[in-house]
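This briefing covers selected residues, side-chain contacts and surface features of the structure shown below.

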Amino acid sequence: MSNKAIKSDLQQALLLCKGAFLSAAAFSLVINLLMLTPTIYMLQLYDRVLSSRSEETLIMLTIIVVAIFITQGSLEWVRMQILVRVSVKLETLLNKRLYTVAYKKSLYTGGQQASSQPLDDLTSLRQFLTGNGLFAFFDAPWLPIYVALMFVFHPYYGWSAIFAAVVLIILAILNEKSTHHILQEANGLAANGRALVNKNLRNAEVIESMGMLENMHQRWLKGSEKVLFLQAIASSRAGLFASISKTLRVLFQSLVLGLGAYLAIQQEISPGLMIAGSILLGRALAPIDLMIGSWKGFILARTQYARLNDLLLQIPEDKDKMSLPEPEGKIQLEQAVIVPPGTKVPVVKGVSLQIDPGDSVGIIGPSGAGKSTLVRAILGIWPAANGKIRLDGADVFAWDRVELGPYIGYLPQDIELFEGTISENIARFGELDPEKVVAAAKMSDVHELILRLPAGYDTMIGAAGGNLSGGQRQRIGLARALYGQPKLIILDEPNSNLDELGEHALARAIQTLKQYNATVIVVSHRTSVLSVLDKLLVLNEGVLVAYGPRDEVLAQLKQNATQSQAPARPAATTTVTTVPIS
């Protein structure tokens, strides 16, 4: 089934709001009918009050007009409230879905396209729904009714209205043609510029320490200047068309007034119709004039709608998955080929192995061997391009991530702590169990350190970890990974920022996890942590070189290294691959 046949979540949400839009359209019908009040009032003043000189008639007509205007104002307020509620409903229906989409977009691209753009687009689209630009689209369909009424006044009035409407519609089309592509390009460049600034801000320390600020600013400025240039061109053109439209609308009203005077002199219409025709023409042309003036906002809203629509179709909502039994921690890889998001070259190539529940496995190999890529695939963060990765016999992607999460502990290379208290970070921002938080902190040997902080476990930290050192952040990240005694724990370079005491604490934590029969996988360049692990897995250039009991693998590597350093013998025909442990 093509994407066109599938309705996105945005389209479905708009369909749910269809009744509200129809209600707003119905209110627009009544409002536009009531907008004829000034024209009718003017007719009555000229043709009844002035001719009869009746003050009672003037007072009654004025009272009726005031009541109608109050009613019209009330209906416009109600129409606005309807659209405000529609915008809130859209936000409620889509914000969680788009939050997930933004998260998955970052996940699937390896963080290269991490952006809040979908949520920003939803906010801007919601604001457009409550702006004056949308009202022009509700009022514009009543143009034929106003034109028909002008034909009733006099055929010349009708043809004049048609001519004026056609001219303004042509201006609206020319405005669209001259600004659409320019604004689209400018919006795309602006989004790229925001993403670049966000990346630079995340690396502010590196930029400041090496004096790169001016260079990074100049790089951003090139794109920003082009955005400003394109937006200036689009705004200039849109402003020109808006100015011409407004001028022509006033001109047409004046010309119709002159036409009415001529027809009144010829006694083809009354003096009241002379004024009423000009007022009615202004009312008929006002929506077109407003559409031209708000065209930039309409183009932006249309672009945001298309972008959201495409994104929601590209990243469909996860289907409900059947709950599986609590995992034991058995890992199976069947000819797994892993290609990192955003690339086309496999980093892990056809790896097959089995890790039994309770095993503690160290993954070693040179830099760029694919160690971190392998553990991301085991966790189900990155999909396998070929082959299978199974957790307790089921495809790792078949598990419900929310249900599986408490049984998984993960400490990535780059420690990411989140805005909140230390206890909230350790408890993964779920229901806070103080006993489990303290137990995890003690296991990672960070409990005493936390108690020495000003507010203890309630100390607020930022996304970068506040004033915590790299080792302290790593220990808190380790405590988060160990929270709740998960069944599968994966630690990627867990000792990269640890001192000797920290490494001893890490070794004790791994020993404790082995007592719980948890499956532990440790990626490390340091050999100090290997002494507490049962098995070793050696990768080189994405290929599985060795896997088995620790001592046997180390002996094999030592033997291979010795053979590779021995003098070459003429009779030898076997080539031995040396795998460095860096």
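E185 is partly exposed, with a relative accessible area of 38%; by definition, partly exposed lies between buried (under 20%) and exposed (over 50%), using a 1.4 Å probe and protein chains only. The model is predicted, so local features need pLDDT of at least 70 and side-chain atom pairs count only at pLDDT 80 or more, whereas totals for chains, interfaces and linings use all residues. Residues are numbered from 1 along each chain as its sequence is written, and side-chain values use heavy atoms, with hydrogens and water left out.

**Salt bridges**

- A salt bridge is defined as a side-chain nitrogen of Lys or Arg within 4 Å of a carboxyl oxygen of Asp or Glu, and the count by this rule is twelve.
- E185 pairs with K226 in a salt bridge whose closest N and O atoms are 3.6 Å apart.
- This pair links distant parts of the chain, 41 residues apart, with K226 in helix α10 (residues 213-265) and E185 in helix α8 (residues 155-202); helices are DSSP runs (H or I, at least four residues) numbered from the N terminus.
- K226 is partly exposed, at 41% relative accessibility.
- K388 and D395 form a salt bridge through their side chains (3.0 Å, N to O), and K388 is partly exposed at 36% relative accessibility.

**H447 and its surroundings**

- H447 belongs to helix α17 (residues 447-451) and counts as buried, at 13% relative accessibility.
- The side chains of H447 and Y457 make a polar contact of 2.6 Å; a polar contact is a pair of N or O atoms within 3.5 Å, where, within protein, one must be able to donate a hydrogen and the other to accept it, and residues adjacent in sequence count only if both atoms are side-chain atoms.
- Apart from neighbours within four places in sequence, H447 is in contact (heavy atoms within 4.5 Å) with V438, A441, K442 and Y457.

**K296**

- K296 lies in helix α12 (residues 295-314) and is partly exposed, with a relative accessible area of 39%.
- Residues up to four places away in sequence aside, K296 touches L183 and S235.

**Helix α1**

- D9, L10 and A13 are buried in helix α1 (residues 9-16).
- These residues are on the same side of α1 because they cover an arc of only 100° around the axis, the arc being that of the directions from the helix axis to the C-beta atoms.

Note on methods. Helices (H or I, at least four residues) and strands (E, at least two) are DSSP runs, numbered from the N terminus.
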